[in-house]
Number of protein chains: 4
Amino acid sequence: MPVSDVREPIRVGVLGARGRMGIEVCKAVDAADDLELVAMIDQGDGLFSASDAGAEVIVDFTTPDVVMDNLHWCVDQGISVVVGTTGFTEQRLERIRGWLAHKPGVGVLVAPNFGIGAVLMMQFAAKAAKHFESVEVIELHHPRKLDAPSGTATHTAQLIARARAEAGIGPVPDATKDEVDGARGADIDGVRVHSVRSAGLVAHQEVLFGTTGETLTIRHDSLDRASFMPGVLLGIRAIRDRPGLTVGLDPLLD
Amino acid sequence: MPVSDVREPIRVGVLGARGRMGIEVCKAVDAADDLELVAMIDQGDGLFSASDAGAEVIVDFTTPDVVMDNLHWCVDQGISVVVGTTGFTEQRLERIRGWLAHKPGVGVLVAPNFGIGAVLMMQFAAKAAKHFESVEVIELHHPRKLDAPSGTATHTAQLIARARAEAGIGPVPDATKDEVDGARGADIDGVRVHSVRSAGLVAHQEVLFGTTGETLTIRHDSLDRASFMPGVLLGIRAIRDRPGLTVGLDPLLD
Amino acid sequence: MPVSDVREPIRVGVLGARGRMGIEVCKAVDAADDLELVAMIDQGDGLFSASDAGAEVIVDFTTPDVVMDNLHWCVDQGISVVVGTTGFTEQRLERIRGWLAHKPGVGVLVAPNFGIGAVLMMQFAAKAAKHFESVEVIELHHPRKLDAPSGTATHTAQLIARARAEAGIGPVPDATKDEVDGARGADIDGVRVHSVRSAGLVAHQEVLFGTTGETLTIRHDSLDRASFMPGVLLGIRAIRDRPGLTVGLDPLLD
Amino acid sequence: MPVSDVREPIRVGVLGARGRMGIEVCKAVDAADDLELVAMIDQGDGLFSASDAGAEVIVDFTTPDVVMDNLHWCVDQGISVVVGTTGFTEQRLERIRGWLAHKPGVGVLVAPNFGIGAVLMMQFAAKAAKHFESVEVIELHHPRKLDAPSGTATHTAQLIARARAEAGIGPVPDATKDEVDGARGADIDGVRVHSVRSAGLVAHQEVLFGTTGETLTIRHDSLDRASFMPGVLLGIRAIRDRPGLTVGLDPLLD
């Protein structure tokens, strides 16, 4: 009997299916040949409809107050989960690890950022940080943003600072004597971060590294919410083969 | 008798010929087919050697304490001058205008910046400023620079602020509520300016304009001192046809 | 009797109101305090409803086969028009000029591109072209685009070539001896143009000018259709004060 | 007796010390606190002066016709070598491996490119290639360059093509139907490469990756020959701890 090389599509359920992100996830799953959207669940719907429909992976873009119950139920049912909901503390992650200890075949991916480009930017920045004496971060966003710097920029600067410390690199060279307040940006663990706000921008970040006679720049431009979908799909495709808890998209990109 | 279309080269003398900039000017004049270097003068040399050599244009890259005497002598001799020396106050410019009033055929160009790219960047920025609600300036320099922002960036921001005021444009939109000190840069007349310092950089500036759905960016990269030479040569070629005092390279670029 | 300084809003009608661009125009007019949307007209609606509603300016984003009839009617009614419909030949423009000759108070603006950023980019490029020996154009678009280079890039290169010719600048320096086919881009009137196609891009263009030791880069990024709206609004606000035919947004930006 | 934590400087000899690169290497070694320049050797000088001076590492920037003899002698003497000379074929590398087999304590680093930034750019590009459907390479150089694309750009494109093939990614999406010859660049193993040439540039490269809604750009700017020195110093510091043959800077950057 011939063995077919056509793999069955992965059966996917979406929690928070009517939310901003959930809608995008449903569209992306629907459009992917190797995935099948079998359940769209939101407030008021029962989770069991996902198991009834035979969901193998569940994507959760809900809210911090319900996500732990959702996760507990999924793990209990033996269904792997890709979680984009925010608000995960180390304590919460520890509880999930506890549940998973009893379900060796189940995988849970909790990722604060599903933008593949953003995650690679941070990986590359952490690696380059060990080889350049100078580094600065410039993030650029639409003018309705409330915080400056962005969370991603702050996180990037912290990763860079840690990599420099590990490599034994001293402070960034800077002879500035005469500064108009703020010109040199915010100081995040010794790394200068500049926040640009302008109409016509969405979400962009540039990390500039410099040493004698050369610079290396890593830039990420995100144009819309859809930019998270390749990362979500990557998670759906990979999570059943990664039992236990995976935090962040990084391990899936190696 | 046939009329030749080969114009005689312009005879050029250089004051401050052994200084950093003077050396570059001598090289650039020497390399130009339509210019002839007839006098290289520095401390201890007499100015008259320039007139003896028939200099038609003199370039002055000396120091604030001698430049006014040099200029007075040149104007008196009827020789046009291109001045890159710094330290010109409105008072000094007024004195030069006084001398030139008696010498209708002589032109003097005093320019704080001979970089054609930098001057065009500022012209374009002032023009674009009237058409975009958002604008920020990012300047990037080597880490040995003492001041932040750079003089060029401050000047650019002031030109932009003035153009916005004239066009009746209100403040740049910015919803920032939660800022780590310095993240949003220095405030120069309402325009945010960010100063990046890194090894591997020389002198760079970017002006970013934004409105609904689009941005316009003007960027200038200056790699070395030689970048001022095209502007100096432009001045030499034009100054005899511009009697009186010309301040800045702008009018020559139109 | 006190004179009010509150100007009456301009009454605007939109032809092609249910088309892609028309919908955006209606939204933008509606959102502007100084404009009032009084008529939304599309296929099957009568033009007279615009005049009945007292439209002072009509915006036309229809199709080449109906636009001339629309224009004739508007001019006849004494209503000024802002036209974004494509397909205008010199012959068509001549006919419009003929109609306008009899209606001294009416203005018509026909613009192939309402992106203020794109129009400024071309203006700046034409100006900078006279001062740099090197220049190249890089345009970047989404991968569904059919033509390469883009119309804007071709037009920009032609403007640059013309400006160089007028300034008497010779060919761009280029020592390339050993080229893999296509590496040096397309040759548009002696200006090299490179077309980049990538997912995640929308519509972008960069013009790079270079001379000894410095480069000047003008970059335009357009993220969505909405980027044309500031240009359309600019046209609406200005056209009643510009009787006769205006071609292109340029004159309104000075 | 107190143990000193001050390590003895590494004693370094330079072959080709009067060449363009050799001069820079001598300066860089001389300026580094942890290195000591003990021999500067060029044509006509005997190699033994390096061993007499107690060189522990020798840097070779000579020519393809003498480098193999130099290397043989160094390995024979038990001195580790950092080689920047060009012209290494697989055959030559095999011969070096043969010599080193008998000298277990000696390390040889042969690197075609000592620019840390360029090497990281290629590493990052190869990694990102697996995660983006679109990718293009844009390299920008001074107009005196003879080949297009540059060797680095060609190599980068090949690395990307190989990574895509391994990840099972199909052709880059591109709907271009109507192309002016050359607009879409050179095709290097299915990756489009664009070569920009302009006065005012030195050596620059940009790799642009794109997927739905986002792009990731890696850019390297090299301003002068000195940019290779941090890579050469890295090699000098590391090579004694890496017995055998090391090809390329990559392994030293991990």
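Student: What should I know before we start?

Tutor: This is a predicted model, in which local features need pLDDT of at least 70, side-chain atom pairs count only at pLDDT 80 or more, and totals for chains, interfaces and linings use all residues. Residues are numbered from 1 along each chain as its sequence is written, chains are lettered from A and ligands numbered from 1 in the order in which they are written, and side-chain values use heavy atoms, with hydrogens and water left out.

Student: Why are strand 1 and strand 2 of chain B said to pair?

Tutor: Strands are DSSP runs of E with at least two residues, and helices are runs of H or I with at least four, numbered from the N terminus. Two strands pair if DSSP finds at least two bridges between them. Strand 1 (residues 10–15) and strand 2 of chain B share 6 bridges in the parallel sense, so they meet that rule. One place to look is Ile10(B), which stands opposite Leu35(B) in strand 2 of chain B.

Student: What makes strand 2 and strand 13 of chain B edge strands?

Tutor: They belong to an open sheet of 6 strands in chain B, with parallel pairing and the order 2-1-3-4-5-13. Strand 2 (35–41) and strand 13 (244–247) of chain B each pair on one side only. Neighbouring strands of this sheet are turned by 20° against each other on average, direction ignored.

Student: Which strands does helix 1 of chain B lie across?

Tutor: Helix 1 (residues 20–31) of chain B lies across strand 1, strand 2 and strand 3 (57–60) of chain B, at about 150° to strand 2 of chain B. Such angles run from 0 to 180 degrees between N-to-C directions, with axes as lines fitted to C-alpha atoms, for helices over the stretch in contact. Contact itself means heavy atoms within 4.5 Å. Helix 4 (residues 90–101) of chain B lies across strand 5 (107–110) and strand 13 of chain B, also running at about 150° to strand 13 of chain B.

Student: Which residues of helix 6 of chain A are buried?

Tutor: Among them are Ala153(A), Leu159(A), Ile160(A) and Arg164(A). Buried means under 20% relative accessible area, exposed over 50%, and partly exposed in between (1.4 Å probe, protein chains only). What covers the buried residues of this helix includes helix 5 (116–128) and strand 11 (203–211) of chain A.

Student: What makes strand 11 of chain A mostly covered?

Tutor: In strand 11 of chain A, 8 of its 9 residues are buried. This strand is joined to strand 6 of chain A by 8 bridges, running antiparallel, and Glu206(A) is the bridge partner of Ile138(A). Strand 11 of chain A also pairs with strand 12 (residues 214–222) of chain A over 9 bridges, antiparallel again. In the hairpin of strands 11 and 12 of chain A, with 2 residues between the strands, Gly213(A) takes a positive phi near 75°.

Student: Why is Arg97(A) with Glu94(A) called a salt bridge?

Tutor: A salt bridge is a side-chain nitrogen of Lys or Arg within 4 Å of a carboxyl oxygen of Asp or Glu. The closest N and O atoms of Arg97(A) and Glu94(A) are 2.9 Å apart, so the pair qualifies. The two are 3 residues apart in helix 4 (residues 90–101) of chain A, which separates them by about one helical turn. Glu90(A), Glu94(A) and Arg97(A) are linked in a network of salt bridges.

Student: Why is Arg18(D) called exposed?

Tutor: Arg18(D) has 56% relative accessibility, so the over 50% rule applies. Asp45(D), at 34%, is partly exposed. Arg18(D) and Asp45(D) form a salt bridge, with closest N and O atoms 3.9 Å apart.
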